[in-house]
Amino acid sequence: MSEQVSLQEALIYVMVMVSAADSSMTDQELHSMGEVVKTLPVFAGFDQDRLVRVAQDCGKRLQAENGMMDTFALIGASVPPSHRDTAYALAVDVAVADLSVQQEELRILQMLRDTLGLDKLTVAAIERGAQARYRAI
């Protein structure tokens, strides 16, 4: 697949895919995505007003025939190796934002790990960090 989107758009696609995996995007997940775009250096220069439009574009892609697999391929082509751990970390943060990770989200995370070619140690570190950050009292 030769098609690509910007790194920032691909990262938003990652977050949308995880959030929509269980067929509902919770307020906590949407808030988490908005905060990520506002605060993380990887989104410096990104027009925050485009967040909804990019998320809708991702949704349209997912609705197409072979949408999920084509979107994963697009993400794989658009996220350089230097930012693949970042993409996975954002996905995990969205998955745990509502303090409940559903089976569908776990499956998307697994598919994303495979798409990005992340090693087990990196994946474990990212997931353990998310557990520590989102632990409830």
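Is T71 buried or exposed? T71 is buried, with a relative accessible area of 1%; buried denotes under 20% relative accessible area, exposed over 50%, and partly exposed the range in between, for a 1.4 Å probe and protein chains only.

## Basis of the model

This is a predicted model, in which local features need pLDDT of at least 70 and side-chain atom pairs count only at pLDDT 80 or more, while totals for chains, interfaces and linings use all residues. Residues are numbered from 1 along each chain as its sequence is written, and side-chain values use heavy atoms, with hydrogens and water left out.

## The nonpolar core

The largest nonpolar core holds 40 residues. Such a core is a set of buried Ala, Val, Leu, Ile, Met, Phe, Trp, Tyr and Cys residues joined through side-chain atoms within 4.5 Å. The members that touch the most other members are I12, M15, F43, I75, Y88, L112 and L116. At least two core residues come from each of α1 (7–20), α2 (27–39), α3 (51–63), α4 (67–78), α5 (84–96), α6 (103–116) and α7 (120–133). The largest contribution, nine residues, is that of α1. Helices are DSSP runs (H or I, at least four residues), numbered from the N terminus.

I12 is in contact with V37, F43, F46, L51, V54 and A55, when its neighbours within four places in sequence are left aside. Contact here means heavy atoms within 4.5 Å.

## Helix α4 and residue T71

Helix α4 has 12 residues and reaches 16 Å from its first C-alpha to its last, close to the 16 Å expected at 1.5 Å a residue. The expected span of a helix is 1.5 Å times one less than its number of residues. The buried residues of α4 are G67, T71, F72, L74, I75, G76 and S78, and they pack against α1, α3, α5 and α6.

T71 is found in α4. Not counting residues up to four places away in sequence, T71 touches Y13, M17, C58, R61 and L62.

Two packed helices are described by the angle between their axes and the distance between the axes. Here, axes are lines fitted to C-alpha atoms, for helices over the stretch in contact, and angles run from 0 to 180 degrees between N-to-C directions. Helices α1 and α4 pack at an angle of about 140 degrees, with their axes 9 Å apart. The contact is made by L7, A10, Y13, V14 and M17 of α1 and by M68, T71, F72, L74, I75 and S78 of α4.

Helices α3 and α4 pack at about 130 degrees, with axes 6 Å apart. That angle makes α3 oblique to α4; angles under 35 degrees count as roughly parallel, over 145 as roughly antiparallel, 65 to 115 as roughly perpendicular and the rest as oblique. C58, R61 and L62 of α3 make this contact with G67, M68, T71 and L74 of α4. N66 is placed in the loop between α3 and α4. Its phi is near 60 degrees, a positive value in a residue other than glycine.

L11, V14, M15, V18 and S19 in α1 meet A87, L90, A91, V94 and A95 in α5. S19 is buried, with a relative accessible area of 0%. Leaving aside neighbours within four places in sequence, S19 is in contact with S24, M25, E29, M33 and V94.

Helix α2 has 13 residues and reaches 18 Å from its first C-alpha to its last, close to the 18 Å expected at 1.5 Å a residue. E29, S32, M33, G34, V36 and V37 are its buried residues, and they pack against α1, α3, α5 and α6.

T86 lies in α5 and is partly exposed, with a relative accessible area of 23%. The C-alpha atoms of T86 and A64, 22 residues apart along the chain, are separated by 27 Å.

V123 lies in α7 and is buried, with a relative accessible area of 7%. Its contacts, leaving aside neighbours within four places in sequence, are Y88, R113 and L118. The C-alpha atoms of V123 and A89 are separated by 8.5 Å, although the two residues are 34 residues apart along the chain.
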